[in-house]
Amino acid sequence: MSFGETPVTITGNLTADPELKFTNSGAALVKFTVASTPRTYDKASGQWKDGTAAFFRCAAWRQLAEHVAGSLTKGSRVVLSGRIRQHNWETPEGENRSMLAVEVDDIGPSLMFATATVERTQRTSPTRAESDPWAGASSTPPAAGSPESSGPTFDDKPPF
């Protein structure tokens, strides 16, 4: 994530089946909408009441896009994390338009009211070494001042 981006976590339901497309260069892109509806308990009536639904247009790329398209369908309850992106364009009539969308970094089924079976996939590309700068990192920290000391360090202290 870059500095200044707006991270979000959203829980909601897919409003339609995800739409999988491929760019001219072959990169997978999936688009879908998530509806998130707040619920509150009304003590007077003893019932849950739905609030106003918020609809979030979402997009995911590459292998994540293919996994979304192959795993999720209309009505699936999901938990996703991503970044808010603003898209600006000009209509053929010369009017300026903009919209907010979520670029999804991670998504999965919500297990609050359902179960899921996880099936690991084999990575085809990029390799872990290409996509993970810490691939092959030792589980012991490098000596202070060594060229590797700017990489990850591991100890028994909690990360907070």
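Which element supplies the largest share of the lining of the largest pocket? The structure examined here is a predicted model, in which local features need pLDDT of at least 70, side-chain atom pairs count only at pLDDT 80 or more, and totals for chains, interfaces and linings use all residues. Residues are numbered from 1 along each chain as its sequence is written, and side-chain values use heavy atoms, with hydrogens and water left out.

Grid points are joined across faces, edges and corners, and a volume is the space filled by probe spheres set on the points. The largest pocket has a volume of about 780 Å³. Its lining comprises 21 residues, and H67, S71, V118, E119 and T121 lie nearest the centre. The largest share, seven residues, is contributed by α1. Both α1 (62-71) and β8 (96-109) supply at least two residues of this lining; helices (H or I, at least four residues) and strands (E, at least two) are DSSP runs, numbered from the N terminus. By type, the lining contains eight nonpolar, eight polar and five charged residues, where Ala, Val, Leu, Ile, Met, Phe, Trp, Tyr, Cys and Pro count as nonpolar, Asp, Glu, Lys and Arg as charged, and the others, Gly among them, as polar.

The second largest pocket holds about 230 Å³ of space. Among its lining residues are R57, C58, W61, H87, V102 and E103. Two or more lining residues come from each of β3 (28-36), β6 (54-61), β7 (77-90) and β8. Seven residues of this lining are nonpolar, one is polar and four are charged.

A nonpolar core is a set of buried Ala, Val, Leu, Ile, Met, Phe, Trp, Tyr and Cys residues joined through side-chain atoms within 4.5 Å; buried means under 20% relative accessible area, exposed over 50% and partly exposed in between (1.4 Å probe, protein chains only). The largest nonpolar core has 17 residues, of which F32, V34, C58, L80, V102, V104 and I107 touch the most other members. The largest share of this core, four residues, comes from β3. Beyond its neighbours within four places in sequence, V104 is in contact (heavy atoms within 4.5 Å) with residues including F32, C58, L64 and L80.

Note on methods
On a 1 Å grid over the protein atoms alone, a cavity is a set of points where a 1.4 Å probe fits but cannot get out, and a pocket is an open set with protein on both sides within 12 Å along at least five of seven lines; lining residues have an atom within 4 Å of a point.
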